[in-house]
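Here is a short report on one structure. Take a look at the sequence and the model before reading on.

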Amino acid sequence: MTAVEHDADVIVVGAGPGGSATAYHLARHGVRVLVLEKTEFPREKVCGDGLTPRAVRQLIRMGVDTSPEAGWLHNRGLRVIGGGVRLELDWPELASFPNYGLVRTRLDFDDLLAQRAVAAGAKLRTNVNVLGPVLDGDGRVTGVEAEVGPGKEPATFRAPLVVAADGVSGRFPLALGLAKREDRPIGVAVRRYYRSPLKHDDNYLESWLELRSKDSGDNLLPGYGWIFGLGDGRVNVGLGVLNSSSAFGKTNYRRLLTDWLANTPAEWGMTDETNADGPILGAALPMGFNRVPHYTRGVLLVGDSGGMVNPFNGEGIAYAMESGELAAEAMVQALARPAGPERERALMAYPNELKARLGGYYRLGGIFVKLIGRPEIMRIATKHGMPHPTLMRFVLKLLANLTDPRGGDAMDRVINAMTKAAPAV
């Protein structure tokens with residue numbers, strides 16, 4: 001039997017934040033990595049463009065210069081608006097995370113991360129549309145089938161390990177029969193860019209817990225909203241609706257966004273269509289490990305492909321990059337072992353570590369999603385919670401998943417105990 005020549009040690013499907021982080025951490029350990037991206041850079045992605053300190057930590061671990069001089073807009077924390085209260089909460093001072101967040105459009109961000117992976121030694125091929133897996137006689141994935149370039153030339157790429165980092169569509173895991181779990185939370189988000197000289201350089205990320213239109217009176221619109229300044233004269237404005245809401249799947253989300261913005265101050269520039277910079281775009285938010293297992297038959301799921309968006313706050317980039325680093329660590333150890341049971345043992349460390357880190361936290365997030373999907377509970381929570389800054393600082397730490405695992409303050413210890421006590425999803 002002739003040995004199959006591998007194109008790489010690991011093929012990464014998708015060059016979003018998760019795929020690029022995986023490739024970077026693999027390459028810096030000397031692993032031969034081939035990243036296959038279906039589009040070309042720079043390319044647009046639907047996102048809020050805001051990064052919490054959890055995501056900033058992952059950027060620093062990739063050696064990214066996060067200074068303002070390198071094009072990043074820094075923010076001090078989160079401004080929360082709801083219950084008639086406007087509260088500014090600074091990011092916590094922690095040993096484990098920096099005390100600042102960032103904003104940058106995905107047009108720049110994804111390209112920058114992909115180039116970090118290339119600089120580390122990964123090989124990036126764009127305009128390669130991966131169609132599905134190549135399987136051996138035992139059903140194990142040994143490569144991918146793809147179409148290359150504008151002519152859609154058929155091609156096969158082979159590697160002993162494949163990473164599915166193909167985003168919310170999850171076409172690659174779907175081809176393996178890994179469907180989304182319907183018992184896990186999911187959201188839908190829409191966003192648009194507006195020119196807003198007054199709001200564009202805000203040093204807080206702004207989160208709206210209650211949305212109202214001009215004619216809604218005391219009735220709340222479904223969902224939560226955000227306004228993130230980009231520092232270039234524009235803002236990213238959007239809203240999200242969770243599947244625990246009765247409005248999920250039954251609402252014109254684009255109309256919902258314009259209805260809410262019509263109720264914002266005219267001087268912000270978001271009530272005038274002429275200030276819009278591009279169309280309203282939408283995307284799904286796969287939350288709480290809604291596709292599992294995260295390792296099977298030579299394939300590791302990273303980021304949105306594995307449903308890793310935080311149910312508490314809709315953040316996906318931090319978890320895509322974090323899961324990419326964890327996947328890389330497991331694969332580096334696995335590739336140093338012979339194929340077979342020893343290698344499989346090393347690869348199983350990846351889903352086990354994900355579950356240990358995030359399983360209990362995401363279980364709590366699932367409960368949170370069910371609660372806030374009910375407007376009456378949301379109204380009570382904002383009315384009685386917002387006036388108490390200490391409580392809201394606790395909520396910020398919980399929602400953004402920002403605690404020190406050891407040696408933290410009383411809030412950290414309570415949150416860490418809660419996540420450990422919760423049964424892992």
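A residue counts as buried under 20% relative accessible area, as exposed over 50%, and as partly exposed in between, using a 1.4 Å probe and protein chains only. By that rule Glu37 is buried, with a relative accessible area of 5%. The model is predicted, so local features need pLDDT of at least 70 and side-chain atom pairs pLDDT 80 or more, while totals for chains, interfaces and linings use all residues. Residues are numbered from 1 along each chain as its sequence is written, and side-chain values use heavy atoms, without hydrogens and water.

**Around Glu37**

Glu37 sits in the loop between β2 and β3 (50-51). Helices (H or I, at least four residues) and strands (E, at least two) are DSSP runs, numbered from the N terminus. Contact means heavy atoms within 4.5 Å. Not counting residues up to four places away in sequence, Glu37 touches several residues, among them Gly14, Arg43, Leu124 and Asn127.

**The sheet**

Six strands form an open sheet with mixed pairing, in the order β8-β2-β1-β12-β19-β18. Two strands pair if DSSP finds at least two bridges between them. β8 (123-125) and β18 (295-296) are the edge strands, each pairing on one side only. Helix α1 (residues 17-27) packs on this sheet. Helix α1 touches β1 (10-13), β2 and β12 (161-164), and its direction makes about 165° with that of β2. Axes are lines fitted to C-alpha atoms, for helices over the stretch in contact; angles run from 0 to 180 degrees between N-to-C directions.

| Pair | Direction | Bridges |
|---|---|---|
| β2 (residues 33-36) and β8 | parallel | three |
| β10 (residues 141-148) and β11 (residues 153-158) | antiparallel | six |

Leu34 stands opposite Lys123 in β8. Val148 has Glu153 in β11 as its bridge partner. The hairpin of β10 and β11 has four residues between the strands, and Gly149 there takes a positive phi near 75°.

**Helix α9**

Which residues of helix α9 (residues 375-385) are buried? They are Met378, Thr382 and Gly385. These lie on the same side of α9, because they cover an arc of only 90° around the axis. The arc is that of the directions from the helix axis to the C-beta atoms. Exposed Ile380 and Lys383 are on the face of α9 turned away from its buried side. The cover over the buried residues of α9 includes β5 (77-82), α8 (349-372) and α10 (389-400).
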